[in-house]
Amino acid sequence: MINGALRSRIDSLWTDFWTGGITNPLTVIEQITFLMYSRLLDMQERTQEKRAAITGKREPSLFGEGDQDCRWETWRHYGGPEMLPHVRDRVFPHFRRMAERSSGEGSQFAAFMKDAQLMIQKESLLIKAVNAVHDLPLEQGDTKGDLYEYLLSKLTTAGINGQFRTPRHIIRMMVELMQPQPTDRICDPSCGTAGFLIESYDYLLRQHSSDAGTHKEVVDGEEQIRYSGDLLGEHRAHVDTDMFHAYDFDATMLRIATMNLVMHGVKQPDVHYQDTLSQSFEERHPKGSKNAFDIILANPPFKGSLDEQDVAPDILRIVKTKKTELLFIGLILRMLKVGGRSATIVPDGVLFGSSKAHVQLRQHLIENNQLEAVISLPSGVFKPYAGVSTAIIIFAKGGKTENVFFYDVQSDGFSLDDKRTKIGDGKGDMPDVQAKYLQWCEGQGDFSDRSAMSFEVSVGDIRAQSYDLSINRYKRQVHTKQHHATPKEILLALQELEASIQAELDSLQELLG
């Protein structure tokens, strides 16, 4: 969590971009990302130079002999008339040259720079942005991740393909339910800003730490736990290079997602530009398209449809449709290892849609895999992006469904209007969802009462309802009997009230003489 002063600096920088004529939030974040990347490259180069001075071994330079003027510490001192053309005509082409020569491990972010463009046209804005980025504490692991998250919190509009940021507390609950382990391979096939992967990494830090590796800080009046040292020990190489995998077909989002992971401490995330529903996915990523992952966390795009000829045939064999929200479930099943699990956000229509494709998918989830849970979210949790009503479904590839856990979330801890104001402690039903689900998984507690917020339903009952998974199909509504006064009682009460008023008026008349 960033402090008030740092938050004010980000807000001021954001305002500078808007007054400078760049008003698209994604463009603002992308341009700030480019500047952060330039500074991080120079920081990395200086670290390598210091290490080489001590060890005598020099790693390949990030800057060639002719590119030394592309280093942050060189050009950031230029005046406006010199800085703007230099960054546009020298620094950004350097990004693209890095992309052209990059290959293999750790090159993904550089590869996304091949179409990088400087959108800042005003010299004064560039100077302000460079000075602001230089003052950011990018050398502090905890803080730099938090400040990037704060930047991303300013995204308040949905994309044209139906993608929008998943609220961080929803992401955290889903990760807590999945309980990732340091040996897992985790993927988000429609990663956006990589929120699920970031939270999975933070979860691992929280779970695999000791008191010696943590310290507490008070930030804005709240006590925060900070993690220090290499807390994942023997798993660090796997965490840095093969744990986190992300795909998206929005190049801007991929740049932001990769920077987000790097800023949080994942050194070499595996991030790819790819439409994961397309036939080319298996050709380009044979190790990621089938039976590849232990955990998949996703909030795939809800709206839109695709040409069936562009969709991978084996996904269509699971569910023959053009609807992306159904195709993504088929995709996730294909990408999971047998026994691998997923927590995925779906629109409510997936749960009760009556089309052949809807029923086919739900039947496949239940009969050929293990559907574990349906967690119904209140409509409004995705405002101001969208007001769509959604649910989280948790399932494992393979196995057999016997009972399904249902939870009817009434409050996520925030108001359900566009302002999304915190209510109380901001936790709502979320802690109870986690507690009840874990109890259910461990076979503890009684979940037979279908009038409660959480209950279980047998697969036989679900089959009897044509695989309908809407919670209202199974939840028993308890109606409290209301007592209403009879017309005679109401008339008597009115007469008594009128008499009382008349008595007050008479008393007032006497006082006035």
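Where is the place of Met43? Met43 sits in helix H2 (residues 25–55); helices (H or I, at least four residues) and strands (E, at least two) are DSSP runs, numbered from the N terminus. This is a predicted model, in which local features need pLDDT of at least 70 and side-chain atom pairs count only at pLDDT 80 or more, while totals for chains, interfaces and linings use all residues. Residues are numbered from 1 along each chain as its sequence is written, and side-chain values use heavy atoms, with hydrogens and water left out.

Met43 is buried, its relative accessible area being 16%. Here, buried means under 20% relative accessible area, exposed over 50%, and partly exposed in between (1.4 Å probe, protein chains only). Setting aside residues up to four places away in sequence, Met43 touches Leu138 and Glu139, where a contact means heavy atoms within 4.5 Å. Met43 and Glu139 are 96 residues apart in sequence, yet their C-alpha atoms are 8.4 Å apart in space.

H2 also packs against helix H1 (residues 4–19), at an angle of about 115° and with the axes 11 Å apart. Axes are lines fitted to C-alpha atoms, for helices over the stretch in contact, and angles run from 0 to 180 degrees between N-to-C directions. The crossing of H1 past H2 is right-handed; a crossing is left-handed if the near helix is turned anticlockwise from the far one by less than a right angle, and right-handed if clockwise. On the H1 side the contact involves Leu13, Trp14, Phe17 and Trp18, and these meet Pro25, Val28, Ile29, Gln31 and Ile32 of H2. Sorted by class, the contact has eight nonpolar residues, one polar and no charged ones. Ala, Val, Leu, Ile, Met, Phe, Trp, Tyr, Cys and Pro count as nonpolar, Asp, Glu, Lys and Arg as charged, and the others, Gly among them, as polar.

Now for the salt bridges. The whole structure has 25 of them, a salt bridge being a side-chain nitrogen of Lys or Arg within 4 Å of a carboxyl oxygen of Asp or Glu. One joins the side chains of Asp42 and Arg71 (2.9 Å, N to O). Asp42 is in helix H2 and Arg71 in the loop between H2 and helix H3 (72–75), so this pair ties together parts 29 residues apart in sequence. Both ends are tucked away: Asp42 is buried at 0% relative accessibility, and Arg71 is buried at 10%.

Asp242 and Arg185 form another salt bridge, with the closest N and O atoms 3.1 Å apart. This pair links distant parts of the chain, 57 residues apart: Asp242 is in the loop between helix H10 (236–241) and strand S4 (244–248), and Arg185 is in the loop between H8 and strand S1 (186–188). Asp242 is partly exposed at 27% relative accessibility, whereas Arg185 is buried at 16%.

Arg476 and Asp449 also meet through their side chains in a salt bridge (3.5 Å, N to O). Since Arg476 lies in the loop between helix H18 (459–464) and helix H19 (487–512), and Asp449 in the loop between H17 and strand S11 (454–458), the pair ties together parts 27 residues apart in sequence. Arg476 is partly exposed at 47% relative accessibility, and Asp449 is partly exposed at 37%.

Arg168, Arg172, Glu176, Glu199, Asp202 and Arg206 are linked in a salt-bridge network. Glu176 is also one of the buried residues of H8. In helix H8 (residues 168–178), eight of the eleven residues are buried, so the helix is largely enclosed by the rest of the structure. Along with Glu176, the buried set holds Ile170, Ile171, Met173, Met174, Val175, Leu177 and Met178. Among the elements covering these residues are helix H9 (195–207), strand S7 (336–347) and helix H17 (430–441). Just after H8, Gln179 takes a positive phi of about 50°.

What about disulfides? The structure holds zero, a disulfide being a pair of cysteine sulfur atoms within 2.5 Å. For Cys191, the closest cysteine sulfur is that of Cys187, and at 8.6 Å it is too far for a bond. Cys191 is buried at 5% relative accessibility, whereas Cys441 is partly exposed at 42%.
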